[in-house]
Amino acid sequence: MEIFKNMETYDYEQLVFCQDKTSGLKAIIAIHDTTLGPALGGTRMWTYASEAHAIEDALRLARGMTYKNAAAGLNLGGGKTVIIGDPLKDKNEEMFRAFGRFIQGLNGRYITAEDVGTTVADMDLIHEETNYVTGISPAFGSSGNPSPVTAYGVYRGMKAAAMEAFGSDSLEGKRISVQGVGNVAYHLCRHLYEEGAKLIVTDINKAAVERVVEEFGATAVNIDEIYSQEVDIFAPCALGAIINDETIPQIKAKVVAGAANNQLKETRHGDTLHELGIVYAPDYVINAGGVINVADELNGYNRERAMKRVETVYDNIAKVMEISRTQGIPTYLAADRVAEERIARVGKSRSQFLQNGKHILSGR
């Protein structure tokens, strides 16, 4: 793997390799862009097939966080960490404390949070060594479990997508299929149920399915039947890459809006949705509630303030839809433009400021 070539392709700033022999820590911190501010992105722990796969995942996820944070209007850049190891077997206190010291050594360029394979308890251990961590226990003044807040943002974004597709943002009476009913999707289903939506759900976890069937009157279907349901809205809330050549012909929904990351297997699948007239809410815009919430911790967490900011997911999705409609481009591309243009504006402003400062110092 040609590391610098890969970094240069999407203009990554920094790749940090962290090793601690005593604890078994092997971590990779990828910092993509800090134009808007310090890089914020979670720590993922996974059993990667190879070190090259781990590096590739860290780079991909870091770039995704740049776009997510920029599109959400946060003054934060994008970064991500991957820890190589089995989260069920390899964790220990020394590992996360050692990792916290590596983060501290970056002096604020990177701020972490929990992600796949890590927990609030892990973040608390990192917090023993650095303040550059969010999503720690409420006892430390943090926001706690981000799932309900992420779900609320997805709910707000779904309403904005419904406005684009149906001319009304009311979800009452709408038939909505939800793929995956884990932590985030459970709370999303609660919001949808309370507004009067009719839910069709699936998940490999039967207990999770039974819970939403019992509490929210949902109808359960088999895993492979979820795409072809006669619904108004399809909400992917489980795996990524589920919008692909095989599934698109099955989709009958007018809207695709859910919490899952990386829903499009390839960007061309976003083009296909656009050509078919299916309104797609770009995943990193609609599921930004969690990162908006933990970002508030950097100012001393205030739940009321954070929730008001999460409500703006509606406005962010509406803006993407407007750009898509007026410019005749797919929504995923419109979302990218929102993020890229904001980064470019701030970058230009910062460059101009620095240039003016040099002139002042030189007496010109």
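This briefing looks at one pair of packed helices and at some of the salt bridges in the structure above. Please keep in mind that the model is predicted. Helices α6 and α7 pack at an angle of about 20°, and the salt bridges come to 16 in total. Five residues, R44, D57, R60, K80 and D115, are joined in a network of salt bridges.

**How α6 and α7 pack**

- Start by finding helix α6 at residues 183-195 and helix α7 at residues 206-216, whose axes lie 11 Å apart.
- The angle between these helices is about 20°, and angles under 35 degrees count as roughly parallel, so α6 and α7 are roughly parallel to each other.
- Their crossing is right-handed.
- On the α6 side, the residues that take part in the contact are Y186, C189, R190 and Y193.
- On the α7 side, their partners are R211, V212, E215 and F216.
- Sorted by class, this contact has five nonpolar residues and three charged ones, with no polar residues.

- E13 and R109 form a salt bridge, and their closest N and O atoms are 3.1 Å apart.
- This pair links distant parts of the chain, as the two residues are 96 residues apart.
- E13 sits in the loop between α1 (3-9) and β1 (14-20), while R109 sits in the loop between α3 (93-105) and β6 (110-111).
- E13 has a relative accessibility of 35%, so it counts as partly exposed.
- R109 is partly exposed too, because its relative accessible area is 30%.

**D57 and its two partners**

- D57 forms a salt bridge with R44, at 3.8 Å from N to O.
- Are D57 and R60 buried or partly exposed? D57 is buried because its relative accessible area is 10%, whereas R60, at 40%, is partly exposed.
- R44, D57 and R60 are members of the network of salt bridges that also includes K80 and D115.

Definitions and conventions
Residues are numbered from 1 along each chain as its sequence is written. This is a predicted model: local features need pLDDT of at least 70, side-chain atom pairs count only at pLDDT 80 or more; totals for chains, interfaces and linings use all residues. Side-chain values use heavy atoms; hydrogens and water are left out. Axes are lines fitted to C-alpha atoms, for helices over the stretch in contact, and angles run from 0 to 180 degrees between N-to-C directions. Helices (H or I, at least four residues) and strands (E, at least two) are DSSP runs, numbered from the N terminus. Angles under 35 degrees count as roughly parallel, over 145 as roughly antiparallel, 65 to 115 as roughly perpendicular and the rest as oblique. A crossing is left-handed if the near helix is turned anticlockwise from the far one by less than a right angle, and right-handed if clockwise. Contact means heavy atoms within 4.5 Å. Ala, Val, Leu, Ile, Met, Phe, Trp, Tyr, Cys and Pro count as nonpolar, Asp, Glu, Lys and Arg as charged, and the others, Gly among them, as polar. A salt bridge is a side-chain nitrogen of Lys or Arg within 4 Å of a carboxyl oxygen of Asp or Glu. Buried means under 20% relative accessible area, exposed over 50%, partly exposed in between (1.4 Å probe, protein chains only).
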